[in-house]
Every structure is written in structure tokens, then in C-alpha cells.
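Here is a brief report on one protein model. It begins with a single residue and then widens to its surroundings.

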Amino acid sequence: MILIVCKTLYLYLLMGQLINWSTSIIPSLLCVQYRDSTPVLVCSNAFRTFLQKHCPVVAERYCPTPWCWGGRLQTLVQAFIKSRPSVSYRNELIRTADGGQISLDWVDNGASAAYPESSTRPTVLILPGLTGNSQQPYVLHAISQATRRGYRCVVFNNRGFGGEELLTPLTFCAANTSDLERVVLHVKELFPQAPLLGAGVSLGGMLLLNYLARKGSESGLVAGITLSVAWNTVESTASLEQPINWLLFNRHLTVNLCQAVNRHRKMLEKVVDIDYVMKARSIHEFDERYTSVLFGYKSCLDYYYDASPDYKLPRTAVPILCLNAADDPFSPKHAFPLALAKHLPNVALLVTAHGGHIGFLEGIFPRGEGYMDRLIGQYIEAVFEHPGDLKRACSIKQE
Ligand SMILES: *[C@@H]1O[C@H](CO)[C@@H](O)[C@H](O)[C@H]1NC(C)=O
């Protein structure tokens, strides 16, 4: 493990990042009045007022960890350094219409002081990123934020990644919202009186936005939040194909994806050529050989268009807050739908200059909760504790 970290960090420096890094470390060390340390919040005036009042972290400066400068380093270090708050889950397997199963991990929070009554206890539905599941540090931190406020959590593990067996030759893709629909219906059936909020990280955020756009005002959720979502799949893929990003992230994720497919080989070889999939060298090749084939797309490009949430934002109806860093190697800033969000009453984009992909590390020892974790905590509290204010704020159209 340590060896991999060292090797990767060494490569990082080698690949021409050194100059870039050393010119920016000084401002970071001082974290002085740099114009770009205050995040940009793009939304209507009414939504802004609501957020500034109930979720004040949106107006705070974000200063990255001084020794962890640059989006790539933030992205790398985050995975190794973040603590893992202890969480004990209750697993539930639910069946789907196609005969498959989905693994849900619940944190019931039965000892909640704020919401002792289970039927009305607000619930956070967490959607992890690509190859992620309920054990990811960012999931555990989100749960820690939610449970300390008295809320219940449920993690929706993407099919094939939650440790469950595949019963049908089907896993998941960012465009297909059927499993998420099934999960929301299930949770609403169990707790019809409890408000439900969706929190999606990276690919989980794409899935959440695609779902919210498909369902409009019938989504069953009171609000959503996305963290480091990829807005345009074609642009994200292009960014991840840059040699340094391929070396640091793409290669590794592709290996993880192929391993997962290989784990379910017996079931999946009925519908795809596993040996050909296993030779994929990038996420794009993997999607070309596996995901787009499995879900019946004519081409990978068709799949990527269908999976991109950017142009679908106008179809969403509930309040949504989206955090992205401008230096995220997975989600390039030129693809952020800023112009679109400006005119939507229910969408707020929060863009920090730094933070990388799901990084947002801050302080000298960034093991504990960081900027992103605080944002999640404050936002879900704002949504659950001030529903009237939120509804009013998000129904006012910007002229
Ligand atoms: C998701 O994929 C399954 C299997 O291909 C299909 O039956 C279903 O209609 C798809 N759902 C959506 C929302 O595209």
C-alpha cells in the first residue's frame, strides 16, 4: 500500500507537476486573501439567501491542505488519508423486476434523540461513486454527519458492487435509473411519512441527477446534493485520457471495474465477451466493450450522451446543491453547466477553485472531516429543518 502511494506520488512529481506545484504552494501556505479561495455560488438570489442563512459553509473560504496542492494530489491523497468513522450497517437485499437483487446498507439510528419516532425520521439516501460502496470514507463521513443530527441513512450499492451475488446478467450504468427508482419506492413504502434526501457522489451524483430529471416533481425526494459529479461524460472521459490522468486514475479504476466484472464472470459471460472486456485499458474502452453493450446502446457515444446530466437540469424539480472543484481531473470545469443553473430556481452550483475529485482536504492533518463533509451535514440539516423556507426559496423564478 505504502509502496503504491510512494510510486504514485513520485510519478506525480515526475510528470511535470513540480513547477506548477511550487508556484502555487506559497499562496496556499499563507491562505491569504486570494480572490479564488471563496467558492463561487451560482443560483437564484432566493436560493442563495436560503443557503447563506442555513448552510453558511457555502460562503466560507475553502483553503486546501498546504502540502496537498493541486487537484490530482487532492484526489490521490484523499483515498489514503481520510479516517473511517465507525458505522455498523444493517444489510437488506431487495429484489428487482428483472429477477436481480440490490444491496442496501441501512443505519437506522434508533437512538436518535431529535427523531425518536422511526416513521417520521428524515432519511438520507447515499449513492456512492464508480466502483464504490458503503465502505468508502466519504460515505462513512456523510453518515457520521447525518446520524449526529438524528437522521437515518441508507446506502444504495450499485448492483454487483455491494458484495451481493448477481442473480441476472445486469450490473449498472450512470444512465439507467431503474434500480434507483426501485430503491426510492422501497424506502418510501417503508417510511411514507419520512422526508427523503438523495446524496450522490461522482457517478452516484450522475445517477441521482438523471433520476431527478426523469421523475421531475414525482421523484419522492425532497432535495438532492451531488459531490464532484461529472457533468458531461464525453468531457470527463477526454480529461481522464490525458496521459497523466490515465496513469494516476484511469488505469487503476479500469482495473477495479474489470475485477468486478471478472468476479461475476459466470453470470456476465452469458451476455458479454469477458476476455475482451478484461483487456480494456481505460474507462472508455471498458464502457465501449461492457457498459454500453450490456445496456443495449448503439454506441458508447450514445451511452455517454444519455448518461450526462448537464443538459437535463431544467427537467429537475426539487432543490439541488452541487459541489465541484475547478481542478477536478474527473470533471473539467469547462463542462460545468453554470449558464444553465443561473436561470433555474431549484439548482445551486458551488464551485471551489481547489479540492480535486472528492478531495476537499483542509488543515495540516486532513484525516477528519473536511469541507465537503461539513457541506453535506449543513445542507441536509437545512433541508430537513427548514422545509418551508426551502420550498419558498426554490419556487421563486429568477428574472
Ligand atoms: C434499464 O435497463 C434495463 C435492462 O436493460 C431495462 O429493462 C430498463 O428499461 C432500463 N431502464 C431505464 C430507465 O432506462
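## D328

D328 sits in the loop that runs between β8 (320-325) and α13 (338-342). This is a predicted model. D328 counts as buried because 28 C-beta neighbours lie inside 10 Å, and the cut-off for burial is 20 or more.

Setting aside neighbours within four places in sequence, D328 contacts G71, S228, G356 and H357.

## H357

H357 also has a loop position, between β9 (347-352) and α14 (371-385). Is H357 buried or exposed? It is buried: 27 other C-beta atoms fall within 10 Å of H357.

Again leaving out neighbours within four places in sequence, the contacts of H357 are T75, S202, S228, D328, P329, F330 and S331.

## Annotated site

Which residues carry the UniProt annotation "active site"? The record, an unreviewed entry, lists S202, D328 and H357. These residues are spread over 156 residues of sequence, yet they cluster in space. The largest C-alpha distance among them is 10.8 Å.

## Confidence

The average pLDDT of the protein is 92. A score of at least 70 is reached by 90% of the residues.

Residues 18-23 have a pLDDT below 50. Beyond near neighbours in sequence, this stretch makes 4 contacts in the model. Where pLDDT is low, predicted coordinates should not be read in detail.

Technical notes. Residues numbered from 1 in each chain as written. Predicted model: local features only at pLDDT ≥ 70, side-chain atom pairs only at ≥ 80, totals over all residues. pLDDT = per-residue confidence, 0-100. Contact = placed C-beta atoms within 7 Å. UniProt positions renumbered as here; feature names shortened; annotations may be inferred. Helix = DSSP H or I, 4+ residues; strand = E, 2+ residues; numbered from the N terminus. Buried ≥ 20, exposed ≤ 12 C-beta atoms within 10 Å, placed from the backbone.
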